[in-house]
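Have a look at the model first, and then we can go through it topic by topic.

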Amino acid sequence: MIRRMQKEDVPKVIAVHLASFSGFFLSFLGPRFLLLYYAGICAASEGIAFVYLDPAGEPAGFVAGTANPRGFYSRLLKRDWLRFSFASLGAICRKPNTIRRIARAFFHPSENPVGKDVAGLFSIGVLPEVQGGGAGKQLVSRFLEEASARGCTRVFLTTDRDNNESVNTFYQRLGFFIGRQYETPEGRRMNEYWIEI
Ligand SMILES: CC(C)(COP(=O)(O)OP(=O)(O)OC[C@H]1O[C@@H](n2cnc3c(N)ncnc32)[C@H](O)[C@@H]1OP(=O)(O)O)[C@@H](O)C(=O)NCCC(=O)NCCS
C-alpha cells in the first residue's frame, strides 16, 4: 500500500495536497508551484517521499521531507529559481505580500534543526475520505524507517499550535513530543515536534 513517490505520482499528490490542506500557504501558491515543489523533493538526493495507494492503486495520501533539513527550501528554490518564479506569479498578483514570504525562503534559509542525524518531515496529507483509516500512521512509519536507513536518529516536524487539535493528537499518538514552541513572522503559533528513531 505504501511505495516511494515517483515523478508520475506528483499530479495526484497535488490533488491530495489541495484536498487536505485548504487554506495553507503552499496551497495558495497553486498547482504549478506544488508541481515543482514535490517533483523537486522526489528528484533531490536528500528527499524522502512516499505515497499511500488506495485499492485501485491510486495515490490517496503522501508524506514528504528530507534527510538534510537545514536550508532545504532555499536549495530547492535556487535549483529551479526561474520556473519557481513563474509558478509564483499568479499568487503574487492575487496577494502581493506573498513575494516577501517567498523571498525569505530564498534568501534566508530557515533555521531548521541541523545535524547529520536529523531528518525533517515537511508535508503529510491523506484524502479526507480516507482519513482515520490508518494511512497517515503507515506513511509516518515508512518515513521514519527510511530516515533511519539514511543514518538519521531523530525526526522533527512543525504544525500549527492553534485550531489544529486533530493533527496535534495524531502526532502525539504516534509518539512525537513537543521540543519547542515558536511564532512565525506571520504570527502563526507553532509546535515543533520530535521523535527518536
Ligand atoms: C493528519 C493526517 C495525515 C492523519 O492521517 P490519517 O490517515 O487520518 O491518520 P490515521 O488514521 O493513521 O491515525 C493515526 C492515529 O492518529 C489518531 N488520529 C487521527 N486523526 C485524528 C483526529 N482527527 N482526532 C483524534 N485522533 C486522530 C488516530 O486515532 C490514530 O490513533 P491510534 O493509532 O491510536 O488509533 C490526516 O488527517 C490529514 O491529511 N490531515 C490534513 C492535512 C494535515 O493537516 N496534515 C498535517 C500538517 S502538519
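Predicted model: local features only at pLDDT ≥ 70, side-chain atom pairs only at ≥ 80, totals over all residues.

Residues are numbered from 1 along each chain as its sequence is written.

**Overall fold**

- The chain holds eight helices and seven strands; these are DSSP runs numbered from the N terminus, with helices being H or I of at least four residues and strands E of at least two.
- With a radius of gyration of 16 Å, close to the 16 Å that the globule rule gives for 197 residues, the chain is as compact as a globular protein of that length. The radius is taken over C-alpha atoms, and the rule is 2.2 Å times the number of residues to the power 0.38.
- The C-alpha trace spans about 40 × 40 × 35 Å along its principal axes.

**Helices α1 and α3**

- Helix α1 (residues 10-20) packs against helix α3 (residues 31-43) at an angle of about 120 degrees, and their axes are 9 Å apart. Axes are lines fitted to C-alpha atoms, for helices over the stretch in contact, and angles run from 0 to 180 degrees between N-to-C directions.
- α1 and α3 are therefore oblique to each other (under 35 degrees counts as roughly parallel, over 145 as roughly antiparallel, 65 to 115 as roughly perpendicular and the rest as oblique).
- On the α1 side, Val10, Val13, Ile14 and His17 meet Pro31, Leu34, Leu35, Tyr38, Ala39 and Cys42 of α3; contact here means C-beta atoms, placed from the backbone, within 7 Å.
- The residues of this contact divide into nine nonpolar, one polar and no charged (Ala, Val, Leu, Ile, Met, Phe, Trp, Tyr, Cys and Pro count as nonpolar, Asp, Glu, Lys and Arg as charged, and the others, Gly among them, as polar).

**Helices α3 and α5**

- α3 and helix α5 (residues 81-94) cross at roughly 155 degrees, their axes coming within 7 Å, and they are therefore roughly antiparallel to each other.
- Arg32, Phe33 and Leu36 of α3 make the contact with Arg83, Phe84, Ala87 and Ser88 of α5.
- That contact has four nonpolar, one polar and two charged residues.

**Around the ligand**

- Of the 18 residues around the ligand, the nearest are Gln131, Gly136, Lys137, Thr159 and Ser166 (a residue is near if its C-beta atom, placed from the backbone, lies within 6 Å).
- β4 (118-126), α7 (135-149) and α8 (165-173) are the elements that give two or more residues to this shell, and α8 gives the most, with five.
- By class, the shell has six nonpolar, 10 polar and two charged residues.

Key. Contact = placed C-beta atoms within 7 Å.
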